[in-house]
Amino acid sequence: MSNENVVMLSNVRVSFPHIITPQVNKDNKGQDKINYNAAFLMPPGHPDFLKVMAVVKRLADDKWKDQADATIAMCNADPKKRFYGQGSEKINQKTMQPYTGYTGMVFVNCGSKQQPQII
């Protein structure tokens, strides 16, 4: 991955962190699937969120060329197909309400099989 596709987030709030201890789920074969992940919350006009969206657009243009805008629109219509979104879309499955502090914010979900370097 080139550095032009890396966005360093600053002045954001972390939510649901699994950074030190990974989240462990089962894959479709019943094997443990380890994932280090977190959601990062920020106001909608946050400069780093705008950088993330610029990278999404650039990568979509590179991969899907003429279909990039249609593909992004399809992903934007289905929250399960993207790693970013409006905070109000993050719903607590028990209360069916947005998680506290998410409304009025945007989020970026990040994850990796390898433990992240913490700076």
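How many salt bridges does a search of the whole structure find? The search finds 5, a salt bridge being a side-chain nitrogen of Lys or Arg within 4 Å of a carboxyl oxygen of Asp or Glu. This is a predicted model, in which local features need pLDDT of at least 70, side-chain atom pairs count only at pLDDT 80 or more, and totals for chains, interfaces and linings use all residues. Residues are numbered from 1 along each chain as its sequence is written, and side-chain values use heavy atoms, with hydrogens and water left out.

**Figure 1. The whole chain.** The protein chain has 2 helices and 4 strands. Helices (H or I, at least four residues) and strands (E, at least two) are DSSP runs, numbered from the N terminus. Read along the sequence, the pattern is β-β-α-α-β-β. The C-alpha trace spans about 40 × 35 × 30 Å along its principal axes. Of the 119 residues, 24% count as buried. Buried means under 20% relative accessible area, exposed means over 50%, and partly exposed lies in between (1.4 Å probe, protein chains only). Among contacts (heavy atoms within 4.5 Å) with a separation of 6 or more, 55% join residues 24 or more positions apart.

**Figure 2. The largest nonpolar core.** This core has 12 residues: Ala 38, Phe 40, Met 42, Phe 49, Val 52, Val 56, Ala 60, Ala 68, Ile 72, Tyr 84, Val 106 and Val 108. Such a core is a set of buried Ala, Val, Leu, Ile, Met, Phe, Trp, Tyr and Cys residues joined through side-chain atoms within 4.5 Å. Strand 2 (32–42), helix 1 (47–64), helix 2 (68–77) and strand 4 (106–112) each supply at least two of its residues. Helix 1 gives the most, with 4 residues. In soluble globular proteins, nonpolar side chains tend to be buried together.

**Figure 3. Val 108 and Val 52.** Val 108 sits in strand 4. Val 108 is buried, with a relative accessible area of 2%. Beyond residues up to four places away in sequence, Val 108 touches Ala 38, Ala 39, Phe 40, Met 42, Phe 49, Val 52, Phe 83 and Tyr 84. Val 108 and Phe 40 are 68 residues apart along the chain, yet their C-alpha atoms are separated by 5.2 Å. Val 52 has its own set of partners: leaving aside neighbours within four places in sequence, Val 52 is in contact with Val 7, Leu 9, Phe 83 and Val 108.

Figure 4. The buried residues here are Ala 68, Thr 71, Ile 72 and Cys 75. Seen down the axis of helix 2, they fall within an arc of 100°, so they line one face of the helix. The arc is that of the directions from the helix axis to the C-beta atoms. Helix 1 and strand 3 (84–86) are included in what covers these buried residues. On the other side of helix 2, Asp 69 and Ala 77 are exposed.

**Figure 5. Salt bridges of the helices.** Asp 48 and Lys 51 meet through their side chains in a salt bridge (3.7 Å, N to O). Both lie in helix 1, 3 residues apart, about one turn of the helix. Asp 48 counts as buried at 4% relative accessibility, whereas Lys 51 is partly exposed, with a relative accessible area of 48%. A second salt bridge joins the side chains of Lys 57 and Asp 69 (2.7 Å, N to O). This pair links distant parts of the chain, with Lys 57 in helix 1 and Asp 69 in helix 2, 12 residues apart. Lys 57 counts as partly exposed at 31% relative accessibility. Asp 69 is exposed, with a relative accessible area of 52%.

Figure 6. Lys 90 lies in the loop between strand 3 and strand 4. Lys 90 is buried yet has no salt bridge. The nearest side chain of opposite charge, Glu 89, is 8.7 Å away; Lys and Arg count as positive and Asp and Glu as negative, while His and the chain ends are not counted. The side chain of Lys 90 makes a polar contact with the side chain of Asn 109 (3.4 Å). A polar contact is a pair of N or O atoms within 3.5 Å; within protein, one must be able to donate a hydrogen and the other to accept it, and residues adjacent in sequence count only if both atoms are side-chain atoms. Glu 89 meets Arg 82 in a side-chain salt bridge (3.0 Å, N to O).
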